[in-house]
Amino acid sequence: MIRIVAIDVDDTLCLTEAVCFELENEVLARIGREPMPRAVHMSTWGQPLLDAMPQRSPGLDLEDFTAVYQVVLREYVADGRLDVIAPENLEALDELAIAGRSIMLLTSRTEAEVEHLLAPDHVLADRLTAVYHGGNMRFSKPDARAFDELLAATGLQPGQCLYVGDSPSDAQAANGAGLRFIACLQSGVRQRDDFDAYHVDAFIDAFPDVVDAVAHLESSHIQG
């Protein structure tokens, strides 16, 4: 049985690439930097933010960027512009839980970037068993060791766990750790052939499709 469904945040549970592009350019503007092109943002999407920003804005002072980023991030969250989870995605989480799956988030975001998602009054509060992020993981995707803490805490075998993400780096990490992997293509940033180098157990065109995809994978494994 697939006991754990771990889920990426960006462009998987929430559609965020476009709004993050706007947010980061707002930060760059406030510190007197030129805006980055959208193509550069998309080509580095999926990397931890502070790893990606020197590519998105060469010569950037990361301390200056981080200080203003925290301010703009809070503004975007307060305005309901960032990390909006569609009702149908919440329903999918509930259906997974009803089927006996534990739901976790696993993201390369820093602790500050997920703080609002961990609030006790957030819609995810009663739906998640655990949240793994840059503050409580020793390694980040695409390193397969990103799943070390999850596997150690649950005591489960990798084959009992599944990861849902949107990027080749998600697939690389899951493959390396021995987890099954579902690629969510809803954002349109990536296509199937972007995953040609990795094993993908299922592709889904919208996040709610994960419910049937997980059930099918489990059923196929049992029959096999």
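A residue is called buried when its relative accessible area is under 20%, exposed when it is over 50%, and partly exposed in between. In this predicted model, E95 has a relative accessible area of 43% and is therefore partly exposed.

**The acidic patch**

E95 lies in helix α5, and this residue belongs to a patch of negative charge on the surface, in which E88, E91, E95, D205, D209 and D212 gather. Which helix gives the largest share of the negative patch? That share, 3 residues, comes from α5.

**Backbone features in the loops**

Two aspartates, D11 and D83, have a phi that is positive although neither is a glycine. D11 is placed in the loop that runs between β1 (4-7) and α1 (17-30), while D83 is found in the loop between α4 (62-78) and α5 (87-98). The table sets out their values.

| Residue | Phi | Relative accessible area | State |
|---|---|---|---|
| D11 | near 60° | 2% | buried |
| D83 | near 60° | 7% | buried |

P142 has its place in the loop between β3 (130-132) and α7 (148-154).

Definitions and conventions:
Residues numbered from 1 in each chain as written. Predicted model: local features only at pLDDT ≥ 70, side-chain atom pairs only at ≥ 80, totals over all residues. Heavy atoms only, no water. Helix = DSSP H or I, 4+ residues; strand = E, 2+ residues; numbered from the N terminus. Buried < 20%, exposed > 50% of the residue type's maximum accessible area, 1.4 Å probe, protein only. Patch = residues over 30% accessible without salt bridge, like charges linked within 9 Å, V, L, I, M, F, W, Y side chains within 5 Å. Areas by Shrake-Rupley, 256 points an atom, 1.4 Å probe, with all protein chains shown as cover. Salt bridge = Lys/Arg side-chain N within 4 Å of Asp/Glu carboxyl O. Lys, Arg positive; Asp, Glu negative; His and termini not counted. Charge placed at Lys NZ, Arg CZ, Asp CG, Glu CD.
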